[in-house]
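Welcome! Have a look at the model below, and then we can walk through some of its packing together.

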Amino acid sequence: MNTQLLKIAEKFGSPIYVYDSEKIITQYDRLKNAFKGVKSLKLNYAAKALSNISILKLFNSLGSGLDTVSIQEVKLGLKAGFAAESIIFTPNGVSLQEIEEVAEMGVQINIDNLSILEQFGTKHPKVPVCIRINPHVMAGGNTNISVGHIDSKFGISIHQIPLLLRIVENTGMNINGIHMHTGSDILDIDVFLYASEILFETAKNFKNLDFIDFGSGFKVPYKTGDIETNIEELGEKLSKRFNEFCSSYGKELTLAFEPGKFLVSEAGVFLAKVNVVKQTTSTVFAQIDSGFNHLIRPMLYGSQHEIVNISNPEGRERFYSVVGYICETDTFANNRRISEINEGDILCFKNAGAYCFTMASNYNSRYRPAEVLIHNGEAHLIRERETFEDILNKQIEITI
Ligand SMILES: Cc1ncc(COP(=O)(O)O)c(C=O)c1O
């Protein structure tokens, strides 16, 4: 694999994101398999994790649905070939107009606040709507990605169910789904199951449901020895409970998820070249041809991406601080054991499939990286590196 990655960096340049379709397919099948105990399962891949159109096409070919948070993601999904009915729109804080536009396209709407629910229900009582509940459960690996607790801006509070029901009754709207998403990087299955009970309890209030959407948040290992969500155990326990619920509800519902990280995180790596090895009085910096403009997760969430020197994998290990070239502190790793680094070496950042390229920016007027997909053993360029024209694109020069 290292040889192939080095060849890709040589051919397409660095920095570059590389994804492996085989790993994506393995994770998709693993999740599907874990929930084989339910009659109807729908996996809606969360486009926000990695939204390159070729990746979306891959998910469509697997039979996946698509979870979207903006009208632009919806349009990308449609362009990638997803049927409108296979797309769910789960925005937060967007305008009524955007929701109406998406509903018009035939996409499943998921509403997460009472104000929009009332307005939408009044104007379009016939359009089926899913409701995002906030179960008030503290789950997730970092405060920025814990979204189901009481102080979170997401979802309709379970304490507001009476008002929610009054709106539904008064508008005569059709609620066909109930949804929650408690946060990313959930370790404790019991917390997930506890939140699910709250969702089941809420679901009993609605007579015409077609599906219950449990969101996502499955944790994947980021470093050696890291714990991951035990998806097989969760699958067994939740499927059993879901089937019991369906029996008491009197209808075979669809169990839905919208995973991002679980499906694409481990399938991606980020390759960057070492520009400078800089010895200071306190550390040795390896400075790469990138920065938090290309991979912001370590600075944003404190996430740890394993880093391997694929140019010298067998070299003697030394301690390095891996940093970027941005004009602010942009640390990828501190005091990390990496095999000896020389200028020009290619470093490989693992788990770079999810929330990496999609969060990249042009800060410092740098180009966003290229993207490659290894599919059937072959490396395909799926996004060209930007050029200076892209930096100027849409800027308007006035006469000064
Ligand atoms: C509503 C919703 N669904 C799904 C996801 C995907 O979560 P993950 O990447 O942890 O699977 C997110 C992530 O932010 C989300 O906000």
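Leaving aside its neighbours within four places in sequence, which residues is L193 in contact with?

## L193 and its surroundings

Beyond those neighbours within four places, L193 is in contact with K237 and L238, where contact means C-beta atoms, placed from the backbone, within 7 Å. L193 is found in helix 8 (residues 189–203). L193 and L234 are 41 residues apart in sequence, yet 8.1 Å apart in space, C-alpha to C-alpha.

Helix 2 (residues 21–34) and helix 9 (residues 231–249) pack at about 35°, with axes 8 Å apart.

## The largest nonpolar core

The largest nonpolar core has 100 residues, of which V18, I131, F270, L271 and L347 touch the most other members. Strand 11 (residues 268–279) gives the largest share, five residues. Domain 1 (2–16 + 268–352 + 355–385) and domain 2 (35–264) both contribute, so the core lies between them.

Leaving aside neighbours within four places, I131 is in contact with I111, I156, L164, I175, I178 and H179.

## About the model

Residues are numbered from 1 along each chain as its sequence is written. This is a predicted model: local features need pLDDT of at least 70, side-chain atom pairs count only at pLDDT 80 or more, and totals for chains, interfaces and linings use all residues.

Notes. Core = buried A, V, L, I, M, F, W, Y, C linked by C-beta atoms within 7 Å. Buried ≥ 20, exposed ≤ 12 C-beta atoms within 10 Å, placed from the backbone. Helix = DSSP H or I, 4+ residues; strand = E, 2+ residues; numbered from the N terminus. Domains from an automatic or database assignment. Contact = placed C-beta atoms within 7 Å. Axes fitted to C-alpha atoms, helices over the stretch in contact; angles between N-to-C directions.
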